[in-house]
Amino acid sequence: MVETSRSIVAFLLLLFAASAAAAEAGIYTIVDGDVRVLRDTAWFRLAPGARARHGDIVDAGNEYAQVQLEWTGGGIMNLQGPALVHTGAVVPADNKSGAAELVVQRGWIKVAAGKRPMRLRLPNATLDFVDAIVVVRGDAERSELFVESGSAKFIPVVARGKAQTTLDAKSGEYLERSGDRAAVAQPRPPQAFVTALPRQFRDALPALAAHFAEEPELVRGREITLAEAEAWLAPGASRRTFVRRFTPRLSDPAFRTGVNARITAYPEWDRILHPEKYRPKETVPGK
Amino acid sequence: MKLIWKFNLVLLGIFLLGFAIAGYVSYRALQANAREEIVQNARLMMEAALASRTYTSTQVKPLLETQLKYAFLPQTVPAYAATEVFNEMRKRHPDYGYKEATLNPTNPRDRASDWEADLVNVFRGSQSSKELIGERDTPTGRTLYLARPIDVSSASCLVCHSSVEVAPKTMVDLYGSANGFGWKFQEVIGAQIVSVPMSVPITRANETFRAFMLSLALVFLATFVLLNVMLHMMVIRRVTRLASIADQVSLGNLDAGDFKSKSRDEIGVLSEALGRMKVSLVQAMRMLE
């Protein structure tokens, strides 16, 4: 009887988790150019009207690519390629009080956040804001933030043990951090930033979700390669999540070969690929 | 002096007087109409400028509010929009002009010249003065100007023009911090000035005047000639004939001619009377014999 109850509870939890995972986070309302989305370990060609899912990784391939995501709970994000963004924990069902997270590997992104707190993770900085509009340009070496309206907190990513200084940016202010140097704040964005700004970022992001009642069928592409996955497997807060997510790819010989070639960088997979290393050694009694 | 000369002298005098009066009245009327036409053109241009300003502030600027956070767009400024619209028109009609002449402008091209500053100061000195119309000579000819005051009638104007600290930073980036600040609410800070060339309507009025006077002169001339012909045919020639016959009769030539006349007008009545008089005279002469 107890075993049956436990099974039922486990099944319900699984069902809840599955539904949460599949719950719509929002709608991709603008898709221009070469844009794909990674779901689990497969790339799909993104199309306007597609529903955003928890864990989507959006790749806007080149400078002509543009993506806009409108979240179900409010807020709009617009990406200008080339850009790579993990939409993270943007699941209304299980994240009612927490911040919605975006992990930005590179690219231009404009976010109009509603009442729900928003967190953007860049390679060398984290941004926290609510009810604000921010424009961010980031890559592996540099992060730039312009607060179009509202305010934001700019938190430089520092090595463990070092003091972390949070900077407050008000409406109209610009912050920039290169590498691990100190962040620099300016009252106005530099002309180079304004000149390079994607044209559509100069206007308010339009709300278009009402135009997409039907969800299109996305065309499935190939599986993610190790080269593409490496950006998400780098040391950081999300590494563990992605190690778990990409583990099924070890069944691909090419993926496995690549992992083996740099196995020291993937200790979690070393246990899976080379379990013999981790078997307890047999001891002979008496010797 | 012969009757026809007296008649012609009087007629000529009347014609000349009438010609002069008609010329004076028509010239004044045509010039006034031409000026009124120019003023109406200027008013129409002024209303078009005001419409451009209103369209810009109510329809264009709200659409570009977000863009203004990144770069100042002069296209959102009503004065700039009105001026640019007229600059487009001036490419084909260079004699027309529009300027929002300001004593302390943000954009240096709007700074008032000497005569424009005089107009602005008239408006600043007199609250009741809402419009000024005048004429001035320019290299392209005589020009009529119509000016209306620009005052800081809305608090929204002071967002950009009160102090550098309050003004949009993007505007200060573009124009600097030296000009266009310190304006006060309800202060007259400049004038909208429309300039319209006077040459075309005035030329047209002068041509109309010449045509009218020429027509009048021709009419007078034709009337003069016709009257002379009629006077000669209907009066002078007939009276001359009557006088000649009466003269012959007075000299004893009773067979000189006949006073009969077919017409019943005054000359005809005179002819009849003279004829009866001749008959009476002949009878009297016979009785005396």
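Domain bounds here come from an automatic or database domain assignment. On that basis, chain B splits into domain 1 (14–205) and domain 2 (216–288), and the centres of domain 1 of chain B and domain 2 of chain B, taken over C-alpha atoms, sit 77 Å apart. The model is a predicted one, in which local features need pLDDT of at least 70, side-chain atom pairs count only at pLDDT 80 or more, and totals for chains, interfaces and linings use all residues. Residues are numbered from 1 along each chain as its sequence is written, while chains are lettered from A and ligands numbered from 1 in the order in which they are written.

Among the buried residues of α1(B) are Ala34(B), Ile38(B), Ala42(B) and Met45(B); buried means 20 or more other C-beta atoms within 10 Å of a residue's own, with C-beta atoms placed from the backbone. The partners that the buried residues of α1(B) pack against include α2 (78–90) and α6 (199–250) of chain B.

As for the contact between chains, eight residues of chain A meet seven residues of chain B, a contact being two C-beta atoms, placed from the backbone, within 7 Å.

Technical notes
Buried ≥ 20, exposed ≤ 12 C-beta atoms within 10 Å, placed from the backbone. Helix = DSSP H or I, 4+ residues; strand = E, 2+ residues; numbered from the N terminus.
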